[in-house]
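Please keep the sequence and the model in view while reading.

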Amino acid sequence: MRSTALAQIPVGVVAERRNAKSKWVDFLWRPVSVFVGVPSAAPWTPLDTEADTILFFAGEAVIELHRTETTNYRDNLASGAPALWVALCPVASERPYDVLAVTADPAEGEALTDAGSNLVEAVSMPPDVVEAVFQFIAQHHVERTFVKRQREWQAPSARRVRMENDRAR
């Protein structure tokens with residue numbers, strides 16, 4: 001499928017596996033960070049181990065920047081804590097998850113939660129990505145004024161005739 005993105009930023013995703021304190025699941029998974037570039041390591045390579053937590057390189061993704069979403073990107077940067085939304089999709093293989101998407105658009109991040117089975121987390125946006133998104137906004141943002149649609153006035157008798165016609169169908 002062909003992308004309409006005007007800019008793309010390759011990133012790597014780091015996920016955390018934590019021992020669960022539950023009798024129903026053994027581990028809790030969550031994306032914890034994103035870094036710019038793609039390492040030579042294979043997906044699901046362990047990066048760091050602590051007492052009950054292991055960090056993994058979960059895989060690579062591409063942040064796509066679209067001209068029509070610059071307002072959302074700008075609001076994200078203006079929030080004081082710019083974030084990226086990372087979605088991991090469960091798979092039936094030796095890997096627990098595949099990296100589904102990484103986005104700087106809060107609305108798209110929220111939409112990624114619709115599947116219900118995806119793990120979606122907001123993680124801190126790295127400074128290099130902040131700069132790239134800022135430059136993209138400076139180059140492509142066009143302020144659009146909100147135009148409220150005006151309804152046309154209809155006489156009450158015309159409305160009644162239309163309702164009667166609709167009932168007759």
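W85 stands opposite A122 in β7. The model is predicted, so local features need pLDDT of at least 70 and side-chain atom pairs count only at pLDDT 80 or more, while totals for chains, interfaces and linings use all residues. Residues are numbered from 1 along each chain as its sequence is written, and side-chain values use heavy atoms, with hydrogens and water left out.

Strand β5 (residues 83-90) and β7 run antiparallel and are joined by six bridges. Strands, here and below, are DSSP runs of E with at least two residues; helices are runs of H or I with at least four, and both are numbered from the N terminus. Two strands pair if DSSP finds at least two bridges between them.

The order β6-β5-β7 makes up an open sheet of three strands with antiparallel pairing. Its edges are β6 (97-103) and β7 (119-124); each has a single partner strand, so one side of each is left without a neighbour in the sheet. From one strand to the next the twist averages 25°, with axes taken as lines fitted to C-alpha atoms and angles running from 0 to 180 degrees between N-to-C directions.

## Pairings of β1

Strand β1 (residues 7-19) pairs with β4 in the antiparallel sense over 12 bridges. Here A7 stands opposite L65 in β4. The pairing of β1 with β2 is antiparallel and has nine bridges, and V11 stands opposite V36 in β2. In general, strands of a sheet pair through backbone hydrogen bonds, either parallel or antiparallel.

## Aromatic rings

The structure holds six aromatic pairs. Rings of Phe, Tyr and Trp (its six-membered ring) pair if their centres lie within 6.5 Å; planes under 30 degrees apart count as stacked, over 60 as edge-to-face and the rest as tilted. F35 and F57 form a tilted pair, 6.1 Å centre to centre with 45° between the planes. F35 lies in strand β2 (residues 27-36) and F57 in strand β4 (residues 53-65), so this pair ties together parts that are 22 residues apart in sequence. F35 counts as partly exposed at 28% relative accessibility, and F57 counts as buried at 2%. Buried means under 20% relative accessible area, exposed over 50%, and partly exposed in between (1.4 Å probe, protein chains only).

Y73 and F136 form an edge-to-face pair, 6.2 Å centre to centre with 70° between the planes. Y73 lies in helix α1 (residues 70-78) and F136 in helix α3 (residues 127-140), so the pair ties together parts that are 63 residues apart in sequence. Y73 counts as buried at 1% relative accessibility, and F136 is buried with a relative accessible area of 4%. Ring pairs also link W29, W44, F56 and Y97 into a cluster.

## Helix α3

What are the buried residues in α3? They are V129, V133, F136, I137 and H140. Seen down the axis of α3, its buried residues fall within an arc of 100°, so they line one face of the helix; the arc is that of the directions from the helix axis to the C-beta atoms. The face of α3 turned away from its buried side carries the exposed residues P127, D128, A138 and Q139.

At 1.5 Å a residue, the 14 residues of α3 should span 20 Å, and its end C-alpha atoms are 20 Å apart, which agrees. The expected span is 1.5 Å times one less than the number of residues.
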